Amino acid sequence: MGRKVTVATCSLNQWALDFDGNALRILKSVEVAKANGAKYRLGPELEICGYGCADHFYESDTLLHCFQVLKQLLESPVTQDIICDVGMPVMHHNVRYNCRVLFLNKKILLIRPKMLLANHGNNREFRWFSPWSQPRHVEEYFLPRMIQDVTGQVTVPFGDAVLSTKDTCIGSEICAELWNARSPHVDMGLDGIEIFTNSSASYHELRKADQRVNLVKSATTKSGGIYLFANQKGCDGDRLYYDGCSMIAINGDIVAQGTQFSLDDVEVITATLDLEDVRSYRGERCHPHMEYEHKPYQRIKVDFSLSDCKDIFLPTHQPVEWVFHSPEEEISLGPACWLWDYLRRSGQAGFLLPLSGGVDSSSSACIVYSMCVQVCQAVRDGNAQVLEDVQRLVCDASYRPEEPRELCGRLFTTCYMASENSSEDTRNRAKELAAQIGSNHLNINIDLAVKGMLGIFSMVMGKWPKFRVNGGSSRENLALQNVQARVRMILAYLFAQLCLWAQGKPGGLLVLGSANVDESLTGYFTKYDCSSADINPIGGVSKMDLKRFLQYCAEHFRLTALKSVLAAPPTAELEPLTEGQVSQTDEADMGMTYSELSVIGRLRKISKCGPYSMFCKLIHSWRESCSPSQVAAKVKHFFKMYSVNRHKMTTVTPSYHAESYGPDDNRFDLRPFLYNIRWSWQFRCIDHEVSMMEGEYVEPV
């Protein structure tokens, strides 16, 4: 009697609209799954076209090319004798659905549409798809002629059904359905389905991986069963990094896990499990006293077995302990993998970073160095695709990266852009860090360009602006800071375009930004300065996390130069020095600490707080350090800064999404950018509460 099943799930580095590459990666995953003895292969959500197609889902071409790839998969000898579960958009009765297509031996068994769509955070599935709103209902789907010619089928089942093989029953969930309060696996488990599958496109956020693992474990702890979780990995064309973590669980235990961050385009994990373990678990814990009141699932009968009658000597997988990365490790690995995907797919030859010697730019530099570490390790591990990509980037078919510093020198250019307001300390910190990571480092003085710009202004307007310390106004002071910052952006792009040309090498460089999430939140940067770049690996990371990340890098990568970076106060160095020393600091300019900004940022986005609600929460959490009036002043100051500067988010550099309170205006944090900065009604409510607490009565609004 067959009772042990071998199943496979995978993480694929799919790329939106890369139908050739996506098809090859799907076939490779099926090939590996079969080689490992699997009879069922699960892939990520919308893997044929890529999850990040966005408004390309509206195009009929996208649907057409998905069916063309499906035809190729059906015809391939690789997909024979294994149930393949692939993701693609399908239009049924002129309605577009996010679907799973399950097939075996050139026959489509079922098209299962997604029932609960993801429409929060970065997800906008309701924009492109409709949910299948008929539980346990199945209709006929008329196949395109190109598919009919392969399968010999005219129609196939379309809807909320499950597969019934000779030895077990398999039901599908799709991504967000696992996270929902009414997850389908609950009813499926009560109806006797033994294997649950979940195809996902779940993106990385710091400290999120344990949520996925706990949900999968919980799904099978409650009612038993085997759970397969597949996820996309890599950068598929935008700000998100999909971080793998594919896994297989049984009865509340994880028995196989994939990596969260890696440069492998195809990662397949398999597990052999005993169906009798599911049945005995349910028999004791779940089913003796349960009554199932819902309409049963329609079972699509499949003349196929996942088990073998000669499996008695086949060992089963045992529980494993999931080891989670620390946030510092996540920052080191996730953005580095994202940068690698962006670089190799962009057609550029490397990166250029304005390196100021501060925490932010040093963090971006360390992430590039971490990328080089991972690339070298992948080549040592025999990753042929990574080696091919490196050789193409450096235009040397014989090159083989051995040491991260040497690779960094080929792919990474850093430049310190000094002005008369720059200190020797920051210059030396930048130089020392560049030497330790091996980047090609340049020293550039921008004073000539700044004076040239000011000379043009003076020639036209007849006045020369002064810094505040020299008797100038606040407006003059700010303008003089901004012109330095913007000149740096222009020079960064000039050197990125021509730096390799000047060395007789082909290609250009991608400009990296280094504004953190807290500075973006308050607008503490100059519009169109060095925050304006091609991409920004740290734009979704808080200042506090970046400091901890640099401490990690100092120890893990032995970059001793970071100790002086961490010891120095954050400064923009845009105002004149005082006796050769920095007189301007970021926290003084912003009027609050980075630690306070992190708290405020989480309250604004995650807790959905406006000014009044934020004040009401902070008077308790900050009661040891601030009076109610001081809390009120900080809240008002933040919202004034935020609303004055929100317009900057409409042009901010695309950044790696890492933080759940990020202010990215593209699709994560949708807000107006022209505010009434007085917030008169809201601030009056705060003033009323302060007066009540401090003994003065003000007429309530």
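The model is a predicted one, and every value given for it has been computed from its atoms.

**Helix α14**

- Within α14, the residues D447, V450, L454 and S458 are buried, and they lie on the same side of the helix, since the arc they cover around the axis is only 70 degrees.
- The other side of α14 carries L448, I456, M459 and V460, which are exposed.
- The partners against which the buried residues of α14 pack are the strands β18 (412-418) and β19 (440-445), together with helix α15 (474-502).
- After α14 comes G462, a residue whose phi is positive, near 80 degrees.

**The packing of α20 and α22**

- Two packed helices are described by the angle between their axes and by the distance between those axes.
- For helix α20 (residues 594-605) and helix α22 (residues 628-645), the angle is about 75 degrees and the axes are 12 Å apart.
- Angles from 65 to 115 degrees count as roughly perpendicular, and α20 and α22 are therefore roughly perpendicular to each other.
- On the side of α20 the contact is made by E596, L597, I600 and R604, while α22 contributes K634, F638 and Y642.
- Sorted by class, the residues in this contact of α20 with α22 are 4 nonpolar and 3 charged, with no polar residue among them.

**Residue W15**

- W15 is located in the loop that lies between strand β1 (4-12) and helix α1 (19-35).
- The relative accessible area of W15 is 29%, so this residue is partly exposed, the class that lies between buried, under 20%, and exposed, over 50%.
- Leaving aside residues up to four places away in sequence, W15 touches N22, R25, C49, D236, G237 and R345.
- One of these residues, D236, is 221 residues from W15 in sequence, yet the two are 4.1 Å apart in space, C-alpha to C-alpha.

**Residue N428**

- N428 belongs to helix α13, which covers residues 424-437.
- With a relative accessible area of 40%, N428 is likewise partly exposed.
- Between N428 and A561, which stand 133 residues apart along the chain, the C-alpha separation is 9.4 Å.

Note on methods
Residues numbered from 1 in each chain as written. Predicted model: local features only at pLDDT ≥ 70, side-chain atom pairs only at ≥ 80, totals over all residues. Heavy atoms only, no water. Helix = DSSP H or I, 4+ residues; strand = E, 2+ residues; numbered from the N terminus. Buried < 20%, exposed > 50% of the residue type's maximum accessible area, 1.4 Å probe, protein only. Contact = heavy atoms within 4.5 Å. Axes fitted to C-alpha atoms, helices over the stretch in contact; angles between N-to-C directions. Parallel < 35°, antiparallel > 145°, perpendicular 65-115°, else oblique. Nonpolar A, V, L, I, M, F, W, Y, C, P; charged D, E, K, R; others polar. Arc of directions from axis to C-beta.
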